[in-house]
Amino acid sequence: MKKRENYFLEGVITKKDEIAPAYINLMNPKYIEIDNHYYSTLIIVNYFREQTELILKSIIDTNINLNISIFYEKQDTYKTIRDLTYHIGNVGVDLKSNNPNRQDIDIAAFTYNDAKYIRREMQVNNEDLYFLYIYVTTFASDVKDLEYLLNKLEGILQSKGMQTRRAYFRQEQAFITSLPIMINSLELKEAAKRNILTSGLVATYPFISSAIFDEEGIFIGTNIYNNSLVFLDRYNTQKYKNANMCIFGTSRSW
């Protein structure tokens with residue numbers, strides 16, 4: 001121990017050496033290995049067009065080890081409206097002049113209506129346009145456990161209308177995005193980039209608390225999702241409309 005302290009005093013090793021991993025293995029394109037732990041990242045590439053709840057709530061409420069990175073890039077309003085107007089004009093002329101029986105006519109009409117909607121929201125409701133990037137990194141001490149967690153996450157996200165893609169051959173860049181250093185790699189951006197208006201940003205709020213705790217409440221039970229204690233003051237008329245309570249459960253389960 002004394003010898004190690006002398007190394008610090010002599011400047012041979014630093015705090016950076018203390019927190020640095022013993023090794024990093026980048027040989028496998030499916031994951032990155034750091035000190036006997038395996039990390040892999042999912043890129044969220046698409047979402048439901050209409051989100052009525054927080055899109056990340058379903059995975060945050062689980063007990064899976066997660067690192068979630070969200071990046072927002074605000075776009076220039078003037079340039080965006082100008083580009084949208086140019087796109088609307090070109091596609092509108094194309095829709096009127098070409099054969100309506102062609103295979104891509106529905107897709108062209110779809111993008112045309114989307115562009116008009118975004119332009120209207122920006123001009124009338126003063127909304128801003130952002131580019132949104134979301135990465136979900138999970139880790140485990142075993143490759144089989146990592147694969148199980150990835151499959152579970154993919155199933156949960158897909159059930160909520162989100163399409164994912166595994167960051168194969170880009171695991172190093174994906175792992176860096178999960179670190180608190182604010183780096184969003186260009187190699188990942190094209191896969192993860194999605195448009196979103198200001199009103200839609202609410203659905204990406206990542207901090208969720210499922211705890212029910214009233215300071216003057218009585219102990220009701222345990223939250224089955226995160227094992228937090230539930231204390232409820234049902235006579236608090238400022239928070240609840242009335243003191244009525246309904247309990248569902250199996251007979252004799254208490």
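1. Glu121 and its surroundings. Setting aside residues up to four places away in sequence, Glu121 touches Asn126, Glu127 and Leu197, where contact means heavy atoms within 4.5 Å. This is a predicted model, in which local features need pLDDT of at least 70 and side-chain atom pairs count only at pLDDT 80 or more, while totals for chains, interfaces and linings use all residues. Residues are numbered from 1 along each chain as its sequence is written, and side-chain values use heavy atoms, with hydrogens and water left out. Glu121 is found in helix α5 and is buried, with a relative accessible area of 12%. Here buried means under 20% relative accessible area, exposed means over 50%, and partly exposed lies in between (1.4 Å probe, protein chains only). Glu121 and Leu197 are 76 residues apart in sequence, yet their C-alpha atoms are 8.4 Å apart in space.

2. Helix α5 spans residues 105-124 and includes Gln123; helices (H or I, at least four residues) and strands (E, at least two) are DSSP runs, numbered from the N terminus. Gln123 is partly exposed, at 47% relative accessible area. Asn126 belongs to the loop between α5 and β5 and counts as exposed at 63% relative accessibility. The phi angle of Asn126 is near 55°, a positive value in a residue other than glycine.

3. Overall composition. The chain has 8 helices and 9 strands. Of its 254 residues, 34% are buried. Among contacts with a separation of 6 or more, 67% are between residues 24 or more positions apart. The accessible surface of the chain comes to about 17,600 Å², and 53% of this belongs to carbon and sulfur atoms; such areas come from the Shrake-Rupley method with a 1.4 Å probe, and for residues only the protein chains shown count as cover.

4. Strand β5 and its partners. Strand β5 (residues 129-140) has 11 of its 12 residues buried, so it is largely enclosed by the rest of the structure. Two strands are taken to pair if DSSP finds at least two bridges between them. Strand β3 (residues 37-46) runs antiparallel to β5 and is joined to it by 7 bridges, with Ser40 opposite Thr138. Strand β4 (residues 66-74) is also antiparallel to β5, through 9 bridges, and Ile68 stands opposite Val136. A further 4 bridges connect β5 with the antiparallel strand β7 (residues 194-197), where Arg194 is the bridge partner of Leu132.

5. Strand β6. In a regular strand the side chains alternate between the two faces of the sheet. Strands β3 and β6 run antiparallel and are joined by 4 bridges; Ile44 stands opposite Thr164.

6. The largest nonpolar core. A nonpolar core is a set of buried Ala, Val, Leu, Ile, Met, Phe, Trp, Tyr and Cys residues joined through side-chain atoms within 4.5 Å. The largest one has 25 residues, of which Ile44, Tyr47, Ile55, Leu56, Ile59 and Ile134 touch the most other members. At least two residues of this core come from each of β3, β5 and α6 (143-159), and α6 supplies the largest share, 6 residues. Leaving aside neighbours within four places in sequence, Ile59 is in contact with Leu66, Ile68, Val136, Leu153, Ile156 and Leu157.

7. Thr177 lies in helix α7 (residues 171-177) and is buried, with a relative accessible area of 1%. Beyond its neighbours within four places in sequence, Thr177 has contacts that include Ser69, Phe71, Tyr135 and Leu188. Phe169, in the loop between β6 and α7, is exposed at 70% relative accessible area. Its phi is near 65°, a positive value in a residue other than glycine.

8. A nonpolar surface patch. Ile218, Ile220, Met245 and Ile247 make a nonpolar surface patch of about 360 Å². Patches are made of residues with over 30% relative accessible area and no salt bridge, like charges being joined within 9 Å and nonpolar side chains (Val, Leu, Ile, Met, Phe, Trp, Tyr) within 5 Å. A salt bridge is a side-chain nitrogen of Lys or Arg within 4 Å of a carboxyl oxygen of Asp or Glu. Ile218 is found in strand β8 (residues 218-222) and is exposed, with a relative accessible area of 52%.
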